Amino acid sequence: MIKINEIRSAYVISIYLLLIGLFLLFYEIFGFKLDSSEVSIYIIKERATYYLMSALLIFQLYIASPEYYFKLVNTLSLVFFMFIFMQPLSDIMTHPIQTWFISATNLFLIALMQIEKYYHK
């Protein structure tokens with residue numbers, strides 16, 4: 001069996017969550033209008049803070065100890081799987097393609113984490 005020593009999923013997940021958080025904080029700069037009829041702007045900013053802090057937490061956990069990161073991979077996979085069905089962004093996304101893109105990205109991250117856990121030395 002091939003064993004790998006490189007861990008990329010922590011970086012990919014952190015960057016993914018960081019980009020979503022930064023987009024939610026500064027979406028006006030990019031010229032986007034989010035559907036804020038169901039939720040207020042404060043809730044959108046709160047979700048941005050959640051994504052930014054999640055990215056920081058996951059990256060700091062990996063930097064502290066890759067073994068602890070691998071112990072939490074199943075929990076992180078479950079969280080990303082639940083985000084497919086109960087997405088915190090679902091009430092502000094306006095097009096179905098956005099939901100498909102976010103769900104496909106979540107599935108990719110789950111597969112990446114599980115493959116790296118399986119093949120890690």
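Biologist: Is Phe 83 buried or exposed?
Modeller: Phe 83 counts as buried, at 12% relative accessibility, where buried means under 20% relative accessible area, exposed means over 50% and partly exposed lies in between, with a 1.4 Å probe and protein chains only. Please note that this is a predicted model, in which local features need pLDDT of at least 70, side-chain atom pairs count only at pLDDT 80 or more, and totals for chains, interfaces and linings use all residues. Residues are numbered from 1 along each chain as its sequence is written, and side-chain values use heavy atoms, with hydrogens and water left out.

Biologist: And how many aromatic pairs are there?
Modeller: The count comes to nine, where rings of Phe, Tyr and Trp (its six-membered ring) pair if their centres lie within 6.5 Å, and planes under 30 degrees apart count as stacked, over 60 as edge-to-face and the rest as tilted. In one of them, the ring centres of Tyr 50 and Phe 83 are 6.4 Å apart and the planes stand at 70°, so this pair is edge-to-face.

Biologist: Which helices do Tyr 50 and Phe 83 lie in?
Modeller: Tyr 50 lies in helix α2 (residues 41-64) and Phe 83 in helix α4 (residues 73-85), so the pair ties together parts 33 residues apart in sequence; helices here are DSSP runs (H or I, at least four residues), numbered from the N terminus.

Biologist: What about Tyr 69, buried or exposed?
Modeller: Tyr 69 counts as buried, at 0% relative accessibility, and Tyr 69 forms one aromatic cluster with Tyr 11, Phe 59, Tyr 62 and Phe 70.

Technical notes
Helices (H or I, at least four residues) and strands (E, at least two) are DSSP runs, numbered from the N terminus.
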